[in-house]
Amino acid sequence: TKLNPADIFGGSTVEESAKIFEKVIKGEGTPAQGSVVVANAGLAISCYKNLSIEEGIAQARESLLSGAALNMFKKVFEWFYLKNLYFNWLSTLFIKS
């Protein structure tokens, strides 16, 4: 299916892009936005797991529709957030003003 570029526009700012991404990963994006995410993720999955493109896309679609992608994103975000808190705390121990 051919998509209209206006339907898959990713935003003009980082903030707009983040809002669009959040909607898509929560399953609230447009069908066109979901298709782009599934296509990109599917290609990445197929390369990483040495699967056919069709299998990678099927796994990406299932992950997005089931909420698994959202759950994994939350875990990764939490890990990075906690890691940054830890390293900021460590830096206060070794760097004195």
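Start with the radius of gyration. This chain has 17 Å, while a compact globule of 97 residues would have a value near 13 Å. Keep in mind that this is a predicted model. The extents tell you more. Along the principal axes, the C-alpha trace spans about 60 × 35 × 20 Å.

Now burial. Of the 97 residues, 15% count as buried. And contacts along the sequence? Take those in the chain with a separation of 6 or more: 36% of them come from residues 24 or more positions apart.

Next, secondary structure. We have 4 helices and 0 strands. Reading along the sequence, the pattern is α-α-α-α.

Let me zoom in on one helix pair. Two packed helices are described by the angle between their axes and by the distance between those axes. Here the pair is H2, residues 31-49, and H3, residues 53-66. They pack at an angle of about 125°, and their axes are 7 Å apart.

Who makes the contact? From H2, we have Gly34, Val38, Ala41, Gly42, Leu43, Ile45, Ser46 and Lys49. From H3, the list is Ile53, Gly56, Ile57, Gln59, Ala60, Arg61 and Leu64. By class, the residues of this H2 and H3 contact split into 8 nonpolar, 5 polar and 2 charged.

Note on methods. Residues are numbered from 1 along each chain as its sequence is written. This is a predicted model: local features need pLDDT of at least 70, side-chain atom pairs count only at pLDDT 80 or more; totals for chains, interfaces and linings use all residues. Side-chain values use heavy atoms; hydrogens and water are left out. Axes are lines fitted to C-alpha atoms, for helices over the stretch in contact, and angles run from 0 to 180 degrees between N-to-C directions. Helices (H or I, at least four residues) and strands (E, at least two) are DSSP runs, numbered from the N terminus. Contact means heavy atoms within 4.5 Å. Ala, Val, Leu, Ile, Met, Phe, Trp, Tyr, Cys and Pro count as nonpolar, Asp, Glu, Lys and Arg as charged, and the others, Gly among them, as polar. The radius of gyration is taken over C-alpha atoms; the globule rule is 2.2 Å times the number of residues to the power 0.38. Buried means under 20% relative accessible area, exposed over 50%, partly exposed in between (1.4 Å probe, protein chains only).
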